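The sequence and coordinates are shown first.

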Amino acid sequence: MSTLPEFEDHSRQQVKYSTCYMCACRCGIKVTVEDNKIRFITGNRNHPINKGVLCAKGNAGVMKQESRAKLEAPLRRKPGTQRGAGEFEQISWDEALSEFTERLRKIRETDPKRLAFFTGRDQMQALTGLWATQYGTVNWAAHGGFCSVNMAAAGLYTTGFSFWEFGDPDWDQTKYFLLWGVAEDHASNPIKIGLEKLKRRGAKFVAINPARTGYQAIADEWVGLRPGTDGMLALSMAHVLLKNEQFDWEYLIRYTNAPQLVVQTPGQQGDGLILRDDDGNPLAWDLEQEAFVDANQAEIKPALFGEFTAPDGRPVKTVMTLLAEKYLDEQYAPENAAEVCGLPAEQIERIALEMAHVAFKESIELPIEWTDWAGRKHDKVIGRPVSMHAMRGISAHSNGFQTCRAIHILQILLGSVDVPGGHLAKPPYPKTTPPGIRPARDMAAGQPLSGPPLGFPQAPEDLVIDGDGNPIRIDHAYSWEAPIAAHGMMHMVITNAVNRDPYPIDTLVFFMANMAWNSSMNTRSVMDMLNETDENGEFKIPYLVVVDAFHSEMVDYADLVLPDTTYLERYDTISLLDRPISEPGAACDSIRAPVLEPDRDVRPWQEVMVDVASRLQFPAFVNEDGSPKYSGYKDFINRFEKAPGIGFLAGWRGKDGQQHLKGEPNPDQWDRYIENQAFFMYELDDSQRYYRFANKDYLELAKEAGWNGSSDPITIQLYSEPLQRFRLAGQGLYDGPQPSDPTLKERLSTYFDPLPFWYKPLEQSLIDEDAYPMHAVNQRPMHQYHSWDSQNVWLRQITAQNRLHMNRQQAEAMGIEEDDWVWVESYNGRIRGQVHLMEGTQPNTVWTWNAIGKRPGNWGLKPDANEAKDGFLMNHLISELLPPQDGQDRLTNSDPVTGQAAWYDLRVKVYPAAPGEEGAWPTVEAPNPLPWEQKDAPEKVRYNTHEPVHLNRSFMDILTRGWK
């Protein structure tokens with residue numbers, strides 16, 4: 001029998017491991033390389049995140065590397081040319097860094113806040129945040145303010161963790177799963193793996209989303225509610241649980257602030273605050289002692305419900321009493337919630353009771369011994385196998401913070417937080433509620449900040465405001481306008497800088513942030529603002545630096561372009577100090593290591609930051625004699641310690657590499673990660689895996705590893721006292737800073753309710769909803785992520801044009817048919833797009849895939865590409881400011897608590913385009929080609945590292961010898 005021919009010379013190939021960057025999932029990848037070219041990319045079966053699974057995006061990393069859009073060298077805008085025109089001259093790195101560094105040096109030596117540095121989906125915020133702290137500017141933040149800060153903040157102020165990177169459903173043991181507002185892109189592969197487990201075991205999967213796409217399509221039950229009403233739905237379910245006495249009484253007493261007593265003195269200072277003793281300890285009423293006791297004591301028998309009179313005569317109620325009074329109100333009854341949500345009342349009540357049945361009649365008991373924070377031994381853990389996951393569909397609303405809190409309240413009532421079958425924390429979470437970090441405020445020329453620019457305010461004293469109550473940050477984060485803006489407000493930077501509100505800036509740096517296109521809430525106006533000049537003809541944003549690996553729309557507006565490498569060409573860390581890849585049962589982090597050598601004049605932004613930090617003499621980056629402390633990024637990661645023994649990478653620490661989580665620097669640490677396929681995993685003992693907010697062994701581990709500042713138990717906050725402090729400030733009843741503006745007072749008084757509530761999204765309450773009767777939202781498809789991948793040749797073949805998805809019945813009633821071109825109009829603008837009709841969409845909601853539409857000539861696409869000709873961008877309809885009101889300054893179109901951009905509050909009207917009105921609108925003029933784009937470059941549709949072999953085999957040969 002003849003042998004099959006040898007198709008590949010495997011001796012010429014190398015297999016390298018790294019971490020994917022085709023979305024934010026951070027899956028492990030196995031890359032086969034031949035002659036500095038990718039042969040193919042597959043999933044790493046040993047990796048804790050994806051366990052070998054890899055999606056279309058991950059596989060298509062090949063064509064990201066082959067993209068025509070890659071930047072090839074530093075660029076400087078030609079003097080006198082318009083921003084956006086793309087008229088650049090190619091310069092050397094020496095010229096670029098000299099110009100960049102000298103400008104930053106002058107700012108730092110005079111007024112460091114005149115530098116604003118904002119980063120997109122960079123996955124290295126621990127480094128960029130450290131850099132900004134050392135520079136001395138508070139004007140730094142990452143993408144979370146326009147993505148999912150509501151999710152993060154709501155969880156961290158409630159349970160100490162939240163969804164996605166903070167926690168996961170217990171996929172292996174849950175029996176009832178609710179997915180709230182999750183499109184196909186977030187945590188894509190882990191969710192697919194998890195849903196497969198659920199379906200295989202017969203667990204019920206309920207999907208809550210206005211559109212039945214992606215994950216929702218395989219759900220056992222679809223809840224197609226109106227956008228922005230998820231909070232009402234969650235609290236109506238809480239109403240049902242309370243009405244039927246279906247809540248975990250013991251869990252609430254042991255682990256939450258439900259028994260704590262709240263002062264009830266409306267109109268007086270101190271109203272709504274927790275009753276405390278002279279040492280500041282919260283008080284509860286002990287049923288056996290019939291006395292007020294420290295609620296933190298272990299062996300008390302506190303009342304869960306009740307009204308009492310404090311020793312000083314003030315009336316008090318337990319948190320649980322207030323909660324029951326609030327949610328048993330008829331406004332949250334299913335029949336009333338149904339009108340808000342557009343759902344049957346029966347469906348709301350039934351789902352709530354189904355969850356209760358599973359939680360309490362199908363509970364799990366595991367024979368795992370564990371010790372609680374007070375040293376008490378337990379011989380089992382009790383699981384409530386109801387779990388939930390939520391993401392941007394509920395976060396990106398101006399009521400999103402309270403909605404996220406409402407979902408957590410539902411979990412807490414069921415006792416399903418960090419228990420078997422429930423919602424599990426992922427190390428380094430849970431954190432204290434909220435974490436103890438406060439945002440930095442004070443700045444001094446030439447000096448680092450005293451702490452990080454971002455943090456978690458607990459009272460008005462923590463705000464970043466001046467003596468007159470005005471914002472200090474350019475984005476107005478941590479001001480009275482958005483007090484708990486825990487991720488900053490990137491969507492407001494350009495608008496405020498152009499308006500010089502509260503002051504002019506000198507230099508604005510964007511890293512991986514496409515603010516001239518899909519990352520702006522109002523694309524056309526942002527493009528105009530970037531070119532806006534003052535009375536002297538000078539740009540109002542004098543100097544704009546863009547760092548990117550690809551020719552995005554933002555690049556053309558830069559004064560200086562610093563070209564980054566691709567994710568396959570650099571070292572990188574996905575750190576426990578940042579946004580790690582941990583799993584519920586293990587602390588995990590990972591690296592990227594170069595798979596390919598760059599073939600262009602580009603440098604990793606990590607390396608550039610370390611270099612510039614040394615040039616500018618940042619204390620953490622230089623020795624006493626001013627010489628650079630680190631030879632580069634790799635050396636920095638090896639030797640930098642946030643605290644003794646705590647570095648960016650947690651694995652293989654200590655000089656001999658035998659310590660984990662904590663230990664002195666190991667010079668061979670990078671090599672150990674590379675040998676271990678680019679990741680590290682520290683598995684928790686069974687005794688540490690549950691009740692981690694009260695688990696002695698885990699809390700001690702978290703303190704030792706530097707995840708938490710102490711090993712004290714973490715109390716779950718049903719009632720948020722920090723919110724009440726801000727509400728008192730709005731009411732003029734706070735003994736401390738208070739706003740003077742009546743509008744800001746009203747916002748605080750209304751929206752900072754310490755118990756979550758539902759309210760109509762802000763923009764919708766300010767427009768004529770009859771004139772704009774439909775909701776409009778964006779989603780991201782499973783195969784493309786933001787604007788990163790729609791220039792990818794392989795992925796373009798799946799989707800090169802987005803459609804406006806409409807409910808078929810609704811569209812036909814409006815005279816709209818499949819493939820029609822329609823106008824979509826908001827109070828702020830209008831666009832034209834092509835329609836696709838479907839049944840699985842809430843009748844009054846239209847939606848589209850985000851960022852498919854492109855500016856002609858960007859991303860290596862031809863000016864007449866489908867994405868530019870037929871793809872559209874819904875961002876033209878949105879505004880970063882609320883609609884104007886007579887006599888008032890326009891406030892940010894954001895959640896009033898966190899400053900989260902309210903992308904999904906949009907209301908529109910839709911009507912057919914006239915005959916002959918076809919193609920996407922508005923259109924934007926194409927930029928000039930970059931220097932290296934001026935030569936012809938064929939568009940690659942197929943890819944191979946060597947000529948493919950065409951093989952003819954008989955069917956019998958295939959049957960008898962198979963494919964090998």
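This is a predicted model: local features need pLDDT of at least 70, side-chain atom pairs count only at pLDDT 80 or more; totals for chains, interfaces and linings use all residues.

Asp556 lies in the loop that runs between strand 24 (543-548) and strand 25 (560-563). With a relative accessible area of 1%, Asp556 is buried, because buried means under 20% relative accessible area.

The side chain of Asp556 makes a polar contact of 2.8 Å with the side chain of Asn858. Beyond its neighbours within four places in sequence, Asp556 is in contact with Arg83, Gly84, Ala85, Gly86, Phe88, His551, Arg855, Asn858, Pro927 and Leu930.

## Aromatic pairs

There are 43 aromatic pairs in the structure. One of them is formed by Tyr251 and Phe693, edge-to-face, with 6.2 Å centre to centre and 85° between the planes. The two residues are 442 residues apart and the pair links distant parts of the chain: Tyr251 belongs to helix 8 (residues 249-255), and Phe693 to the loop between strand 28 (679-683) and helix 19 (696-704). Tyr251 is buried at a relative accessible area of 4%, and Phe693 is buried at 0%.

Tyr327 and Tyr332 also form an edge-to-face pair, at 5.7 Å centre to centre and 75° between the planes. Both of these tyrosines, Tyr327 and Tyr332, are buried.

A cluster linked by ring pairs includes Phe100, Phe117, Trp131, Tyr135, Phe511 and Trp605. Phe618, Phe621, Tyr630, Phe636, Phe640 and Phe648 also belong to that cluster.

## Charges over rings

Lys431 has its charged end over the ring of Tyr429, 5.7 Å from the ring centre. Arg830 is placed over the face of Trp823, at 3.7 Å from the ring centre.

Conventions: Residues are numbered from 1 along each chain as its sequence is written. Side-chain values use heavy atoms; hydrogens and water are left out. Helices (H or I, at least four residues) and strands (E, at least two) are DSSP runs, numbered from the N terminus. Buried means under 20% relative accessible area, exposed over 50%, partly exposed in between (1.4 Å probe, protein chains only). A polar contact is a pair of N or O atoms within 3.5 Å; within protein, one must be able to donate a hydrogen and the other to accept it, and residues adjacent in sequence count only if both atoms are side-chain atoms. Contact means heavy atoms within 4.5 Å. Rings of Phe, Tyr and Trp (its six-membered ring) pair if their centres lie within 6.5 Å; planes under 30 degrees apart count as stacked, over 60 as edge-to-face and the rest as tilted. A charge sits over a ring if NZ of Lys or CZ of Arg is within 6 Å of the ring centre and within 35 degrees of the ring normal.
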